[in-house]
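Subject: Handing over the two-chain model

Dear colleague,

I am passing the structure on to you with this message, and below it I set out what was found. Please have it open while you read.

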Protein chains: 2
Amino acid sequence: MVHNGIEYADMQMICEAYAFMQKLGLSAPEMSAVFASWNEGELGSYLIDITAQILQRADPETGAPLVDMILDTAEQKGTGKWASQVALDLGVPAPTIAQAVSARTLSALKGERVAASGVLTGARTPAATGLPAQALIERIGSALLAAKVCAYAQGFALLRAADLQYGWQLPMATIAGVWRAGCIIRARLLEDIRQAHEAQPELSNLLLAPRFATLMVQAQQDLREVVALSALHGVAAPAFMSSLAYYDAYRSARLPANLLQAQRDYFGAHSYQRTDRAGHFHTRWQD
Amino acid sequence: MVHNGIEYADMQMICEAYAFMQKLGLSAPEMSAVFASWNEGELGSYLIDITAQILQRADPETGAPLVDMILDTAEQKGTGKWASQVALDLGVPAPTIAQAVSARTLSALKGERVAASGVLTGARTPAATGLPAQALIERIGSALLAAKVCAYAQGFALLRAADLQYGWQLPMATIAGVWRAGCIIRARLLEDIRQAHEAQPELSNLLLAPRFATLMVQAQQDLREVVALSALHGVAAPAFMSSLAYYDAYRSARLPANLLQAQRDYFGAHSYQRTDRAGHFHTRWQD
């Protein structure tokens, strides 16, 4: 289930990279070459590999790229939904996986989307990005890697939470190794994940492992810039965006949830904790 | 339950606006004044009102703003989680609500966040935004309104899906009216929502109602710019971002889910539909 949740995120992030490159005007064969080159590096995985193959396939009937003839309505068997629901039950943030599931359900609203496309306008300034296409493509690849690490971190954190909750004593390093050897995600990254868990069996989040912290520090700026460009150019990027928000929230010693706790205490007397001493406190806010 | 899902999103979006204004260097009393002014306009709501009150409250012990003394670890009673799980069961995209729940669970990982804050770096260039603070604050208010409309649209779409699924014949206009009169969200916007449902009882999504389409067309550019700035400046904005991604996906006549369907057909022979004729098709991709 967790494997498939990660797989949903992987697939959605590849689709977002593809959508961005389409916006840049790349043809399907050109994008195939990009994915093939990514497959040689840190992004290497079964899904990247088959994406390269898919994008070079022509439709025998029309001669167009076959992918262009496929309806943009994603279906699902329910495993991503299951992973998202269990993450909610266990209180584990897995926003990229959740967004990947949501993106599939949204894609299914084809009729509404077509109607909306005539009414709801996009970005005011679909201006040039100021960057040559090649630089942008490299940035998208780096952003994809960073977003992917965040999604895998969420999936492994979900496994760990279940492990603690149910006392399963899951062999995390072995799981990463098994996923590297078979299954759908089969990402090169999994070997690093295996090693990280072998080195730190109690690792609470992949982002804290030196290998991945280093990777994120290197790649996070590219993720920021791709997210900003997606926002400004009207390219829907729910998974990229949720990975970045996850990263930024996770690395925040202080989040704005203090205000949220104050609101809860105001309207529901739910109480709050303080930063300077233990205990639960309630304020009569309206006095 | 749906009311509370929307409430979670409302609260998280207010927190993100607050975090952004903190980044701009505004003091708690200054932010209180901003929220009080927003409360006079289209953003007017119980939650905006109490936020203005909360931000002007001093801690009797330290003299500091009380909100600053509150621990940034959000708690929950589970209604937002319930709404998210039901949305998944009904296949309704409700990403902003889901992100609001996820943000609460992430805020609870205080120890991990503090550890991560020393390791995971932020934006490379926390440079000036190039805009005067007042202009930015207005933009944040407009972005908050746009993000809020998307969250309410998700909540009402969830109600509608349940209505169709279970044959409840929900009086949508009356529900909006009831929420306007009581409950926590109690937003001025709800009167427009009531009218929209009264005018179009079969309305599939609020974004398609003329009043809200017009509002979104006016405000979407501000949401884009606030999201881009959040990304570039390292302010975690999961709800703002997911609302924008929802808007951009919803108004896309063509999404990249065609590639996703090709992937599913490649690795699982799940078949796909074509854009040019009916039926389900399978390609032997590896030939």
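B:Glu61 sits in the loop between helix H3 (46-55) and helix H4 (79-90) of chain B, while A:Arg277 belongs to the segment after H12 of chain A, so the pair joins two chains. Helices here are DSSP runs (H or I, at least four residues), numbered from the N terminus. A:Arg277 itself is partly exposed, with a relative accessible area of 36%.

Before going further, please note that this is a predicted model, in which local features need pLDDT of at least 70 and side-chain atom pairs count only at pLDDT 80 or more, whereas totals for chains, interfaces and linings use all residues. Residues are numbered from 1 along each chain as its sequence is written, chains are lettered from A and ligands numbered from 1 in the order in which they are written, and side-chain values use heavy atoms, with hydrogens and water left out.

**How the two chains meet**

In the interface, 119 residues of chain A are in contact with 119 residues of chain B, contact meaning heavy atoms within 4.5 Å. The area buried between the two chains is about 10,800 Å², and carbon and sulfur atoms give 63% of it; this is the accessible area (1.4 Å probe) that two parts lose on being put together, summed over both. Across this interface the rule finds 10 salt bridges, and the count of residue pairs in polar contact between chain A and chain B, both at pLDDT 80 or more, is 55. A polar contact is a pair of N or O atoms within 3.5 Å; within protein, one must be able to donate a hydrogen and the other to accept it, and residues adjacent in sequence count only if both atoms are side-chain atoms.

Several helices of chain A each supply at least two residues of the side that touches chain B, among them helix H1 (2-23), helix H10 (210-233) and helix H12 (257-268). By class, that side of chain A has 60 nonpolar, 33 polar and 26 charged residues (Ala, Val, Leu, Ile, Met, Phe, Trp, Tyr, Cys and Pro count as nonpolar, Asp, Glu, Lys and Arg as charged, and the others, Gly among them, as polar).

Chain A can be laid on chain B with an RMSD of 0.0 Å by a turn of 180 degrees and a shift of 0.0 Å along the axis, the superposition being by least squares on the C-alpha atoms of residues with pLDDT of at least 70 in both copies. The two copies are thus related as by a two-fold rotation axis. Of the residues of chain A, A:Ala228 comes closest to that axis, at 2.0 Å (C-alpha). Because 100% of the interface residues of chain A are also interface residues in chain B, the copies meet through the same surface.

**A buried arginine**

A:Arg274 lies in the segment after H12 of chain A and is buried, with a relative accessible area of 6%. Its side chain is joined to that of A:Asp276 by a polar contact of 2.8 Å, and to that of B:Asp59 by one of 2.9 Å. Not counting residues up to four places away in sequence, A:Arg274 touches residues of both chains, including A:Phe281, B:Thr62 and B:Leu66.

**Further salt bridges**

Over all chains the structure holds 34 salt bridges. One of them lies within chain B, where the side chains of B:Arg211 and B:Glu42 meet at 2.6 Å, N to O. B:Arg211 is in helix H10 (residues 210-233) and B:Glu42 in the loop between helix H2 (28-38) and H3, so the pair ties together parts of chain B that are 169 residues apart in sequence. Salt bridges that share partners also join A:Asp59, A:Glu61, B:Arg274, B:Asp276 and B:Arg277 into one network.

Conventions
Salt bridge = Lys/Arg side-chain N within 4 Å of Asp/Glu carboxyl O. Buried < 20%, exposed > 50% of the residue type's maximum accessible area, 1.4 Å probe, protein only.
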